[in-house]
Amino acid sequence: MPITQFPDDLVPKQILVCAICGQLIPPDKATAGLFNADNFQLFACNAHFWESNRFIVGWIEFAAQERLRVMHAGRDPGSLTDGGGGYYARLVS
Amino acid sequence: MVEAGIMHGLYREDRHPGSSPISQDLAKHLYTRMLCGKVAIVTEKPGTMLAAVRKQWMNVERRIRRERSSTLDARKILELTYQLPRFQTLVFTAKRPLEEPRADVQFATIEDFLEWPPQCRTLYVACPIKLEQLHMVTSWMPPHSLVVVYEAT
């Protein structure tokens, strides 16, 4: 079930890395989460989703580490999670 | 159920909430996605869904606060000083998108979103809609945004 489509300008990945436990996971066992410091979409094991604390604390730890990367790169640390970036229309086919 | 179909430039995640209510699954998923930007939720009953999600959302917020009060990890404390204000200022609305376009989490029917397509990073589809409606409603989403479709609906 979970990730059933990737943006068409990306090569669909057969294996993703869980941002929480670091394990390799197939897309059908992944759930989408935060962006990392490089603005790439990150994923986690869907199994963590049902472990209440693990899921939330795992993402907090991940975001903390990425925010430090943003700060060390001299960027605004708020930019990691302020949903920044302008919006514009995509072409609908 | 929403048919599978290509939405160019977007991620799609299909979710089955199982025996738990959609609102519970959605509130937890929303935790990571609200940090990525605006969120839109397509539902048949915006007011009812907003109330249900908000109730579950408060449970998530309580967990975050508990983590903030119990951790001694400086990195986590710093992170939560960024996240907690976002929780407090997050605006949920079930008003029509034309009436409150600046809300962070917008609940509306598919008819309302077709009239005013959401410019959001995450779209949750919590009711059956047609594939062409899905294409139209996602047309203003930025590239690499996420569409989450609840399959059991």
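Here are some friendly questions and answers about how features of this predicted model get their labels.

This is a predicted model, in which local features need pLDDT of at least 70, side-chain atom pairs count only at pLDDT 80 or more, and totals for chains, interfaces and linings use all residues. Residues are numbered from 1 along each chain as its sequence is written, chains are lettered from A and ligands numbered from 1 in the order in which they are written, and side-chain values use heavy atoms, with hydrogens and water left out.

Q: Why is Thr32(B) called buried?
A: Buried means under 20% relative accessible area, with exposed over 50% and partly exposed in between (1.4 Å probe, protein chains only). Thr32(B) has 0% relative accessibility, so it counts as buried.

Q: Which residues does Thr32(B) touch, leaving aside residues up to four places away in sequence?
A: They are Ala32(A), Gly33(A), Leu34(A) and Trp59(A). Contact here means heavy atoms within 4.5 Å.

Q: What makes the pair of Thr32(B) and His29(B) a polar contact?
A: A polar contact is a pair of N or O atoms within 3.5 Å; within protein, one must be able to donate a hydrogen and the other to accept it, and residues adjacent in sequence count only if both atoms are side-chain atoms. The backbone oxygen of His29(B) is 3.2 Å from a polar side-chain atom of Thr32(B), so the distance falls within 3.5 Å.

Q: Why does Leu42(A) count as buried?
A: Leu42(A) is at 16% relative accessibility, which is under 20%, and therefore counts as buried. Leu42(A) touches residues including Ala19(A), Phe35(A), Trp59(A) and Phe62(A), not counting those up to four places away in sequence.

Q: How do you know that β2(B) and β4(B) pair?
A: Two strands pair if DSSP finds at least two bridges between them. Strands (E, at least two residues) are DSSP runs, numbered from the N terminus, as are helices (H or I, at least four). Four bridges link β2(B) and β4(B) in the parallel sense, so they pair. Within β4(B), Gln106(B) is the bridge partner of Ala40(B).

Q: What joins β2(B) to β5(B)?
A: Four bridges do, and these strands run parallel. In β5(B), Ala40(B) has Leu123(B) as its bridge partner.

Q: Which way do the residues of β2(B) point, and are they buried or exposed?
A: Val39(B) and Ile41(B) point one way, Ala40(B) and Val42(B) the other way, and all are buried.
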